[in-house]
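Here's a protein to explore together. Have a look at the sequence and the 3D view, then read on.

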Amino acid sequence: MKLANHIAYFEALPDSFKDFASKHVGGKGPNKIFLAHCNREMYHEQWRIILDDKFIAAYEHGIVIQCLDGIARRFYPRILTYSADYPENASRREKVASARRSIYKRDLGVNSKPVEDLLKDESLVPALNAFSDRLAPFGFNFFQMLVIDILHDWEIGAWKAVFVHLIRILHAADVALVHELDKRFRKIPTFGRDTIRKFSVNTSEMKKLAAHNYEDILQCAIPAFDGLLPEPHNSRVLDILFICGTWHSLAKLRMHTDLTLTSLDEATRALGSGLRRFVSTTCASFSTRELPREAEARARRAANEKKNVPPAPSAPGASAQRAKTLNLDTYKFHALRDVAGHIREFGTTDSYSTEIGELEHRAVKARYSRTDRKEYTKQVARIERRQARVQRIARKTNYSASLEDDSTVNEASDPERHHFIGKTENLPIHIGVHVNQYPSDPAVQDFIPRLKKHLLSRIQALVAQENALDGTPALNDRNDWQSVFLRQDRIYRHNIMRVHYTSYDVRRSADVINVNTSHCNVMAVNPDFTGNDGIEHPYLYARVLGIYHANVIYLGNGRADHHPRRIEFLWVRWYTFEGNQPRRLERLSFPPPADEHSFGFIAPNDVLRGSHLAPGFSRGKPSHEQRGALSVWARDHEDWQFYYVMRFCDRDMFMRYHGQGVGHIQTQNASLVREHSADPPIMPDEDIADELDDGSGMLATDGVSDTLADAVQDSEHSNIEGDPDAEHEDALGADDMVFCQSDQDSDADSVEGQGSDADDDDNGWMDE
C-alpha cells in the first residue's frame, strides 16, 4: 500500500560552498546567519523548479484526463496544505523585497541594522517565498496552506512540554517518585502489534524517544501518575492527563462528523482552561527547576557558543539548575485552537501530518543502503523510479493476485470473518485430566457441567438451523445439558485467536488474542445495558485463560444423530466493573477465585475486540486475605487490586466509550450515551474563573450496545452464549454528514459536509 509518492529530493548546500563564499568575503569564513540565508534561498529555488511554467499552466488552465468511465474531465491541481518540519515562514512581500534590495543591491549584511529594522518587528526573513512568488497572481494565500502539525506541535511540542514539567514536579516533591514512575511505565503491558509499545527502562530520562513514544506515554500516563502526588494535586494531574488524552484522540480521528467536531471544540476549550488551572494551582505549589539533563544541555550549548573552545560535554552538576515553569505563552500551545477549523476546511489531520513524511524516511534509508554512499541522491532517485515502474507493471498484470495461494492464510486474514481459530487438533486435552490436574483449583470447580451448559444452547442453535431446512420443530430445552457429549472426551487447545471488527471509521481491523501474553483480555457488549441507571457500563470484560474447540455430539430430545459438530469457545475469568467517575478511566477488578461467577465460557462470536488493561498501581496488589484461595489456572498471584480500562490506547477504543463512531452500531445513538454519562466541564478556580470560557461538557463516556445474540447464563455476571453464526458486531450507518479524508494511497475523494470555518477568535481558548 503506497502512502506517499516521491516527487523530488531537495539538496542542501555542499560543503565546498564555504570555500566558495570565503573567496568573496575577504578570506573570512561565512557566519551562521549568512549560511542560513543561503540555505533558505536554495530551498525556495528548488521549489521554483517544481513550480515551473508547466505547473503554472496546469494550475491556471487545468489538465484534461480521460477517466475510467471514458469521460474526459478537466482537473485543476491545487496546493491545499503544506506539511513540513517547520518550513520557512513566508514573509510580507514588500518588506522582504526591500530587505533583499538592501542585501543584493547595496551589499549590506543579512543581519545588518537596516535589514533588521525592516524584518525584526514581525520576525521575518529576507527570503522570497517560492509559493508566493509563483502563485500570488492567482490569488493564492500561502498562509492558509500552513496547517497545524499534530506530530510537532502537540506530541513532541505541547504535550512533551507538559510531560517534562510533570517530571520536574516529581523531582521537586521527591526524587524517589521519579523512579517509581519509571517502574510503573515498565510494567504497563503492550497492546496490539505496535499500538502501545514496550516502554524504555527509564521513561523519565526521555532518551532517544520519537513522537510515537510520547504518544504512548500520553495514552498510558494516567495509571503511571495516579497516586504519586498528594491530594488535591493528584486529582488535578489526573484531570489534565484525561483532558490531554481526550483532545489527542479527537484531534487524530481519521473520520469526523458534526458531532465529533463539536466534541473537539468542547475538548479544546476544556484543554485551554484545564492547562491554565493546572499552571495556576499545582504548578504554582511546587518550586520546580530544570531537570539534570536540561541543565547539562544548557551548559553544553553555552560552552559551544564560546569562541575557540571545542564542544565538550559538561560533567553532571557542573551547571546550577535554574528555576523552570510551564510556559503556555508559546506558539505550539496557541496553535491547538486551530485544529478543529483546519479539519473542517482541509479534512482529518492524518492527511497532512508530517508523520507521513517521517515514516517515509524508512523507505529512503532502505534505498540508501543499496548505494555506494557517494553521490547517493541520484542513486536513490534511480532506485525509486525502478520500484515505481515495477509497481505499475504489477498493477497492470495483477501479479499480486497470483501470490494468494495459501488458503489458510487467506482464511485467517479474511476481513469478512468475525474471528479465526486454527483448525489443528495437535494439542488435545482430555477433559478429565484437565479437571483432575489441580482438583482443588477454584477455576475448575464444576468445569464440566458449566462447559456443557454453555455448549448446550450453541449446539441447539446449530441443530435448529438444520431442522429449519426440513421442518423439524426447534429445540429449546435449556436443561438438557447431560445430553451433550464431547467426542473422545477431548477439547483442543489453541494459543491465539484473531478477532476482526469494524472500526469507528468503517474499516475492518483485527486484534490477536494470545493466552500466553498480556494480549489476553477481551471485551464484549453487555446485553443488559440499556442506557438507564440500573446498568452502569455497556461492556463486559474478561481475561482469556484458554482458547479451545471441541467436537460436540448432541443426543437430546430423542435425537439419534451422533454426528459431531465443531464448536469453538473461550474459557475466561470475568472482571467486575467497579465504576467510573468524571474525567477518570473505568476501573475493573477480579472477584475472588472462589466466587461462583469468577470463571465461565464465552463464544468467540461474542467478543467485540481485544481490550487494553493496565494495573492500578496506586492501590497495589491484594493481600492474601483479600485474594482468598489461589488458582494456578487463573495465575491470580499476579493480580492487582484493580485495573484501568485504557480507553486512549487507540482511536477506535476511545470512540467505543465516547460514542459517535460511525462504524459502531452499539454507540450510534450518541445523544442517549451523552445524556446517560457525560463528563462535566472543568470547573476553574475562582481567581481565574472570569478569564475562562464556559465549557459545555467535555465528552461522553460510554457507548450504547445492542443485546448479544441469544443468551446470558443464569448469573448476573452473564456468561454469554449465542448463535455461533450470529455476528452482532458492527455495521455502517449514520445520519450525520461525514467529514473524512481518503487514504493517502488513493486519490483524494472529498466528502462534503456541513459546518463553516472556525471563527477567527474561536472562544479565545488560551487568551487571557
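## A buried arginine and its partner

Let's begin with Arg584, which counts as buried at 18% relative accessibility. Here "buried" means under 20% relative accessible area, "exposed" means over 50%, and "partly exposed" is in between, using a 1.4 Å probe and protein chains only.

Asp239 sits in helix H11 (residues 233-251), while Arg584 is in the loop between strand S13 (576-579) and strand S14 (587-589), so the pair ties together parts 345 residues apart in sequence. A salt bridge here is a side-chain nitrogen of Lys or Arg within 4 Å of a carboxyl oxygen of Asp or Glu. The general idea is simple: side chains of opposite charge can pair when their charged atoms come close.

## What kind of model is this?

This is a predicted model, where local features need pLDDT of at least 70 and side-chain atom pairs count only at pLDDT 80 or more, though totals for chains, interfaces and linings use all residues. Residues are numbered from 1 along each chain as its sequence is written, and side-chain values use heavy atoms, leaving out hydrogens and water.

The structure holds 33 salt bridges. One of them joins the side chains of Glu180 and Arg184, at 3.1 Å from N to O. Both residues lie in helix H8 (residues 175-187), four residues apart, which is about one turn of the helix. Glu180 is partly exposed at 25%, but Arg184 is buried at 5%.

Glu384 pairs with Arg385, their closest N and O atoms being 2.8 Å apart. Glu384 is buried, at 6%, while Arg385 is partly exposed, at 36%. There's also a network of salt bridges linking Glu155, Glu215, Lys252, Glu355 and Arg651.

Zooming out, the protein chain has 24 helices and 21 strands. These are DSSP runs numbered from the N terminus: helices are H or I with at least four residues, strands are E with at least two. Of the chain's 768 residues, 48% are buried.
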